[in-house]
Every structure is written in structure tokens, then in C-alpha cells.
Amino acid sequence: MNGLIYLKDVVTLELDAEKCNGCMMCTIVCPHEVFLVEDRKARIQNKDLCMECGACELNCPEDAIHVKSGVGCASGIINGILRGTEPTCDCSEPGGSSCC
Amino acid sequence: MHGKATKKITCDTRKELHAVLNLQSVGNMDIRTTPTPIIGQIETTSGTVAVLSTTWRWKDIWGSIKIRWSVGRMNYSVTPGLYAVGSPDQNSKVFVTGNYKLSVDHLRRALSGMNAWILVLNTKGINVWCAAGKKTFGTDELVRKIKFLDLAKIVTHRKIIVPQLGATGVSAHKIKEQTGFTVIYGPVRAADIKDFVDSGLKATPVMRTITFPLVERLKLIPVDLFYAKYYLLIIPSLFFIIAGLNSKGYSVDLAISNGVHAVVNLFAAYLSGCALTPALLPWIPFRRFSLKGIIIGLLTGILLFLAGFLGSSFLELISWFLMIGGISSFMAMNFTGSSTFTSLSGVQKEMKTALPLQITFAGIGLIGWIISRFM
């Protein structure tokens, strides 16, 4: 991805390969080719490319993937701090700040 | 029940058609709708469905430019519900999208020459990816729409095509459990839909991967330019006023001569963080956006120094470097929200050290600059 890689060793992505049934859904939904399925078992090949979007966890029928998902958005995190909530971008509210 | 011949409609019947569509939609009815070009209608078991044009009018192009510049960006939506392109029947494919008008526009243009159904979910006028993150483009809304529109009667097959970036909100196996429909994830970019359909609904790894090329980064810059909103006027005005202070009292001449420099410096710092850094992103060293922003801020500061904009005293010079660095770094860090590859954990880690430093830099710089007025 032409030099666009974010911080090393921070991602919360975890895969329990024992539970994996090799359905390939994680490789289909991941926008950064983080997973690779070999011999009907998934493994994480590019962990630092993960952006914690959570698509793999949501689409894994065996519940083998866990990630603390959210939006990697600084103004969303600031919103969360100011409101005392989880990080949230307020794009959905008219007049809200302009992230994503 | 399906694919009857479409008929051209006039402006008068368009109003009526909108009313029919409004009856169909579920959820928030208070959203202002921006009509998409409707060129006909089809009767289905679930009511009248509007046929959308697959070309963009000048109005659509102009709209897409305006929203990039934050004009009416929060009200750029389409009424949720079922739409058609061409003359679809019970065998036609169903493409799902959100009700952000630009999402619908990209999809209908990509479906040019095809007969297909477009299922527009109520994402409160937000694009698919952001809405999926909030789960408004999500399993519950998709199930609700499939059941409400009785999609199982409109098409005989049991497949729906969901954009891959919607997978953050949609659980394919839960959709199958709750509706019987199999979710097929389509490509990331609408422009690849034709190839995806031609290859028998198979997305290649390239179609599935999100990139962040220069042209995409440039498109997102204008939105960030307005990040500070009315502060963009207030803060430069305050600098103008403060610039007139000196040990002898107040000088309007000084306010004008120094004030212009101060305002140029501030905007240069802002732009180096929210325009220059995003544009040059992959070529600036370091992975942290805040560090990338500091580097570009430093270069901007050097240019301003060479142009003689950073003042005469050493204190003023240092103060400006601190302020420019802090502002540029903060604005660059803010671009993490627009980028396609930053994680929440990463941004949190970055901010923990960067945010206090940015505030300190800008704060000390401001105090130093005010003190330098009296020296």
C-alpha cells in the first residue's frame, strides 16, 4: 500500500485458529489483506495493516476472531473525551464535525 | 409484479412518485431529500419503484463538488427504499447501498447498461463505510428493509450484493439466518462493479483492497479545511488585535503590519497540517501523523522565516516555530479520520503523547509571542 502503514504492534486483532472452519469470509471482508487461509485454516499475515474496522469479527460464523473495533479518527477520540463516551465521530448529526 | 415496461414521467407525476416512495421508506422522515434523476417507474408487489437514470446530470456533478467543500454536506441524502435501473425483473441482481446521495450516484452510474434493483438503506445520509462503522448500515437495518419491502416476493433468487466496506456493519451469516438471503460482498469501489458482475460475482484481491492514492487524499482535503469552522475567523482576528500591542500602548499601524504576518503564519501552519501533509503523506518520514505534521510545519516555518514573516526577535521566532509546529501537527493528526489505514488503538496511542505536546507547543508559543510584543 505504497508506504502507507500505521503504527507497529498496537492492533488488538486476535484469531483463534482452532475454531476456524476455513470459510474464507475474513479474507473476503478485510480491506487490507490481513488474513490468509491455507489448508482450510486462517492465519494473520499482515497484522500491522489491520485498521480495526471489525468486519472480520462480525462476519466470522465461528466467532474465531476478536478485535476492539472502532474508527481510527483523532477528532472522534477527542469527541469521546469531551463527552465522556467511547470514541465517536459525529458525522451522522447535522452540523456535526467533519471527520470521515 | 415485476419488470413491466417503464414509462416516461413528467414533472407533475414526479411529485406523486416521491410521495409513493416516501410511504415506502422506513425510519427518519425528517431528513431533507435531494432527488435523484428519476426516468420512469415499475410496479412491484411492494408498490411503485422509481427507475433511476444511470448518468450524472450537471446538478449531480455540481452537488458532488459542493459537498467536498462542506456545502450542504450533512443534508445530501436520498429517500431510503427500493429503486431500479434499467428494467429489472424477478431474476435481477439486488445491490445494497446507503442513502448518502453520492453513494447512490456512484452506484447507479456503475450499473449503467444493467437491469438491477438498488436497495437504499437509511444510513441518515452517511456514506456506506462510515455508516457501517456506526451500524446504521448494518444487519438490523438490512433485515428490516428486506422484510418491509418483501424482497423475497420481488426477486425469486436469494442473493443480495453488499459493498465490501459495508461488512463493518453487516453480518452475512446473521442476514442469512434472519431473511434467507445470502450476502455477496461486492468490490470496494463502485467502478469495479461491472468487472465483478462479468466475472460471475467474484471480487479479485485488488477489488477488495482499499488504497489511498493521491487523488483520493486530495478529494478529502477540502472537508478538513473547514475543520475549525468559525474559529478560522475569530483566531486570526484576535492575533490582529494583539499584534498592535507594544510597550508604549497600542498602535494600529503595528496591528496592521504585524497582524498581516501573523495571519499568514497561522493559515500557513493550518494548511501545512491539513492540506500539505495529507497530499505528501506517503513520502514524509515517520508513521505517526503528528510527526509528519511537525516535519511539514518545520519546513513551512523555515520558508516563512526566509520570507521574513516570523518577526525580528529571537523570542518571536521561537514562538512562531512552536505555534506552527503545534498547529500543523494537530491538523495532520486530525487527518487520521480521513485516512483508510489507521486503527483506533494506533490513533489512541499516538494521541496520548502528541496531544499534550501540541497543546504545550501552541500554548508556550502564544505566550512567547504575546510577551515579544512588549520587548
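Hi everyone. Let me start with a definition: a helix crossing is called left-handed if the near helix is turned anticlockwise from the far one by less than a right angle, and right-handed if clockwise. With that in hand, the crossing of α12(B) and α13(B) in this predicted model is right-handed.

Now the geometry. Helix α12 of chain B covers residues 252-280, and helix α13 of chain B covers residues 289-306. Their axes are 9 Å apart, at an angle of about 135°. The two helices are therefore oblique to each other.

Which residues of α12(B) and α13(B) meet? From α12(B) we have Val264(B), Asn265(B), Ala268(B), Ser272(B), Leu276(B), Thr277(B) and Leu280(B). Across from them, α13(B) brings Lys292(B), Gly293(B), Ile296(B), Gly297(B), Thr300(B) and Leu304(B). By class, this contact holds six nonpolar residues, six polar and one charged.

On to the second largest pocket, with a volume of about 920 Å³. Its lining has 28 residues, and those nearest the centre are Ala228(B), Tyr231(B), Ile235(B), Ile327(B) and Phe330(B). Both chains take part: α3 (74-83) of chain A gives two or more residues to the lining, and so do α11 (231-242), α12, α14 (314-334) and α15 (344-373) of chain B.

Terms used:
Residues are numbered from 1 along each chain as its sequence is written. Chains are lettered from A and ligands numbered from 1 in the order in which they are written. This is a predicted model: local features need pLDDT of at least 70, side-chain atom pairs count only at pLDDT 80 or more; totals for chains, interfaces and linings use all residues. Side-chain values use heavy atoms; hydrogens and water are left out. Axes are lines fitted to C-alpha atoms, for helices over the stretch in contact, and angles run from 0 to 180 degrees between N-to-C directions. Helices (H or I, at least four residues) and strands (E, at least two) are DSSP runs, numbered from the N terminus. Angles under 35 degrees count as roughly parallel, over 145 as roughly antiparallel, 65 to 115 as roughly perpendicular and the rest as oblique. Contact means heavy atoms within 4.5 Å. Ala, Val, Leu, Ile, Met, Phe, Trp, Tyr, Cys and Pro count as nonpolar, Asp, Glu, Lys and Arg as charged, and the others, Gly among them, as polar. On a 1 Å grid over the protein atoms alone, a cavity is a set of points where a 1.4 Å probe fits but cannot get out, and a pocket is an open set with protein on both sides within 12 Å along at least five of seven lines; lining residues have an atom within 4 Å of a point. Grid points are joined across faces, edges and corners, and a volume is the space filled by probe spheres set on the points.
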